[in-house]
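Please examine the sequence and the structure shown below.

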Amino acid sequence: MLSTSIVPYTLKILKSHIEVSFQPPIVEGTWSEINDLGNHVVEELNLRKNPVCIMDLSELSYMGSSVVALLVRIWKEVKAKNGKMVIVTNHPMVKEIIELAGLDKIWSIHPILNAARKSLGVPLVVDSSSSSGGILKSKGKLILLLAIVVIIGIGIGFYLNQSLT
């Protein structure tokens, strides 16, 4: 079961498209947690006229029916808005699950992320603006940066105080 401290996915929100990357703990998630992830992605898709979405499963070695259902849900949203969605995976088990479900006939599957980007005509190099489920990775970097600034400020203050006395 996932706790809220585990980040099971990363959502990159870019001008040209969005990228959703799943991390392995997602396969252990409850339906509620996976559904919440779907809600977050659907909110982003609904902000776009013709959404372009890359579902990056490259870190997964397995996915259960709830993850497959999530992918189908996201695909339905993309399709309803005349958008495009592709899958990234090179793992034989994940590809087999997609094929057994017959989804390889409706989704384009690419072995690497840049191949997926190229197939959609989106930039191969993307910026780092992204949000993650649960805890934002960028928030962690911001907190670290603020902590460093505070430590430096305290050090400067201590130095100035010592030099004035």
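Leaving aside its neighbours within four places in sequence, with which residues is Phe22 in contact? In this predicted model, Phe22 is in contact with Pro8, Tyr9, Leu37, Met55, Asp56, Leu57, Glu59, Leu60, Val67, Leu70 and Leu71.

Phe22 also belongs to the largest nonpolar core, which has 29 residues. Together with Cys53, Met55, Leu57, Met63, Ile74 and Met85, Phe22 touches the most other members of that core. At least two residues of this core are supplied by each of the strands β1 (9-13), β2 (18-22), β3 (52-56) and β4 (84-88), and likewise by each of the helices α1 (31-45), α2 (65-80) and α3 (92-100). The largest share, 7 residues, comes from α2. A second core of 8 residues is separate, and includes Val52, Ile54, Val86 and Ala116.

Two further residues deserve attention. Glu19 is located in strand β2. Is Glu19 buried or exposed? Glu19 counts as buried because its relative accessibility is 2%, and buried means under 20%. The side chain of Glu19 is joined to that of His17 by a polar contact of 2.8 Å.

Asn46 lies in the loop between α1 and β3. With a relative accessible area of 42%, Asn46 is partly exposed. Not counting residues up to four places away in sequence, Asn46 touches Glu77 and Lys81. Although Asn46 and Val78 are 32 residues apart in sequence, their C-alpha atoms are 8.7 Å apart in space.

Terms used
Residues are numbered from 1 along each chain as its sequence is written. This is a predicted model: local features need pLDDT of at least 70, side-chain atom pairs count only at pLDDT 80 or more; totals for chains, interfaces and linings use all residues. Side-chain values use heavy atoms; hydrogens and water are left out. A nonpolar core is a set of buried Ala, Val, Leu, Ile, Met, Phe, Trp, Tyr and Cys residues joined through side-chain atoms within 4.5 Å. Buried means under 20% relative accessible area, exposed over 50%, partly exposed in between (1.4 Å probe, protein chains only). Helices (H or I, at least four residues) and strands (E, at least two) are DSSP runs, numbered from the N terminus. Contact means heavy atoms within 4.5 Å. A polar contact is a pair of N or O atoms within 3.5 Å; within protein, one must be able to donate a hydrogen and the other to accept it, and residues adjacent in sequence count only if both atoms are side-chain atoms.
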